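Welcome, and thanks for taking a look at this one with us. Please have the sequence and the 3D view open side by side as you read.

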Amino acid sequence: MTMWEDVSKARIYFENRLSVRPEIAIILGTGLGNLAREIEITEEFAYSGIPGFKTSTVEGHSGKLLFGTLAGVPVMAMKGRFHYYEGYSMQEVTFPVRLMKQLGIKTLIVSNAAGGLNPDFVPGDIMLITDHINLFPENPLRGKNDDRFGARFPDMSKAYDRELIRKAENIAASHHISLRKGVYVGTQGPTYETLAEYRFFRIIGGDTVGMSTVPEVIVANHVGISCFGISVVGNVGLDASLSSVTHEEVQENTRTAQQKLNVLVREMVKEIGKA
Ligand code: HPA
């Protein structure tokens, strides 16, 4: 079976099970799952029951695909995602994005908890991702290309849609939400960085670093889905000389940013839904 056929199987599974036809998908990152509470859910599916989906294992992720409306706009949301460090292949990590394409998704909103590299950042900051640096050991598009998904050599010069970034800045201004903007460095994890690695990632141009998002955004670009990405700064790497990084700390700090993030994403969905 080709990947296209595997994805088609999952699409067919949803064919008679959905009462909404969303064009916007949201991936809720670590500690950001409470945005799901703002969604008026019409259908929800545990990953374990969806053909082609693997079961999410990491703490803080319950692994559900949600359908419903957010601010009246149809959306699909992933509560919990597949991380490469959990041992999933790049194909498994990005399977949901390929499914999104077949379900008619046009825009992907992706959030993550990340370490801050920019010394101006503080825990709880929200950063709009303007670009990324892929340091994963493998590209999800490696292997024979299926032109039904997209081109062999996809353009990545506009990986994060500029119009969406502009919209978010306008929304943030009118809601008095302070935003950062910058470059996300994607690494495989699961280790947090050594201090030398935090310095290195800063030197090569990063503002945040994390263990997700890049594979999904690569595949979204391949299949022609516009991306909007947000990092929530859970810890600031260069401060690691003062205190060590823990998953609990990252989750705690992302919770404080949650309120701002919820408003931003809800208003973004409203804006995109108008277009
Ligand atoms: N590094 C990598 N991933 C992360 C970090 C970090 O410091 N914080 C949250 N996710």
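Leaving aside its neighbours within four places in sequence, which residues is S111 in contact with?

## Around S111

This is a predicted model. In it, S111 is in contact with I27, L28, G29, L32, R81, T213 and I230, once neighbours within four places in sequence are left aside. S111 is found in strand 5, which spans residues 107-116.

Is S111 buried or exposed? With a relative accessibility of 4%, S111 falls under the 20% cut-off, so this residue counts as buried. One of its contacts, I27, also has a polar link to it: a polar atom of the S111 side chain lies 3.0 Å from the backbone oxygen of I27.

Let's turn to strand 4, residues 73-79. Five of its seven residues are buried, so strand 4 is largely enclosed by the rest of the structure.

Strand 4 pairs with strand 1 (residues 24-28) in parallel, through five bridges. In this pairing, V75 of strand 4 is the bridge partner of I24. With strand 3 (residues 64-70), strand 4 pairs in the antiparallel sense over seven bridges, and here P74 is the bridge partner of T69. Strand 3 and strand 4 form a hairpin with two residues between them. In that turn, A71 has a positive phi of about 55°.

How many salt bridges does the structure hold? There are twelve. In one of them, the side chains of E38 and R266 meet at 3.3 Å, N to O. E38 lies in the loop between strand 1 and strand 2 (40-46), and R266 in helix 6 (residues 247-274), so this pair ties together parts that are 228 residues apart in sequence. E38 is partly exposed at 28% relative accessibility, and R266 is also partly exposed, at 25%.

R266 forms a salt bridge with E267 too, with the closest N and O atoms 3.5 Å apart. E267 is buried, its relative accessible area being 12%. A network of salt bridges links E38, R266, E267 and K270.

Another salt bridge joins E271 and K274, whose closest N and O atoms are 3.1 Å apart. These two residues are three apart in helix 6, so about one helical turn separates them. E271 is partly exposed, with a relative accessible area of 28%, whereas K274 is exposed, at 64%.

Notes
Residues numbered from 1 in each chain as written. Predicted model: local features only at pLDDT ≥ 70, side-chain atom pairs only at ≥ 80, totals over all residues. Heavy atoms only, no water. Buried < 20%, exposed > 50% of the residue type's maximum accessible area, 1.4 Å probe, protein only. Helix = DSSP H or I, 4+ residues; strand = E, 2+ residues; numbered from the N terminus. Pairing = 2+ DSSP bridges. Polar contact = N/O pair within 3.5 Å; in protein donor to acceptor, adjacent residues only side chain to side chain. Contact = heavy atoms within 4.5 Å. Salt bridge = Lys/Arg side-chain N within 4 Å of Asp/Glu carboxyl O.
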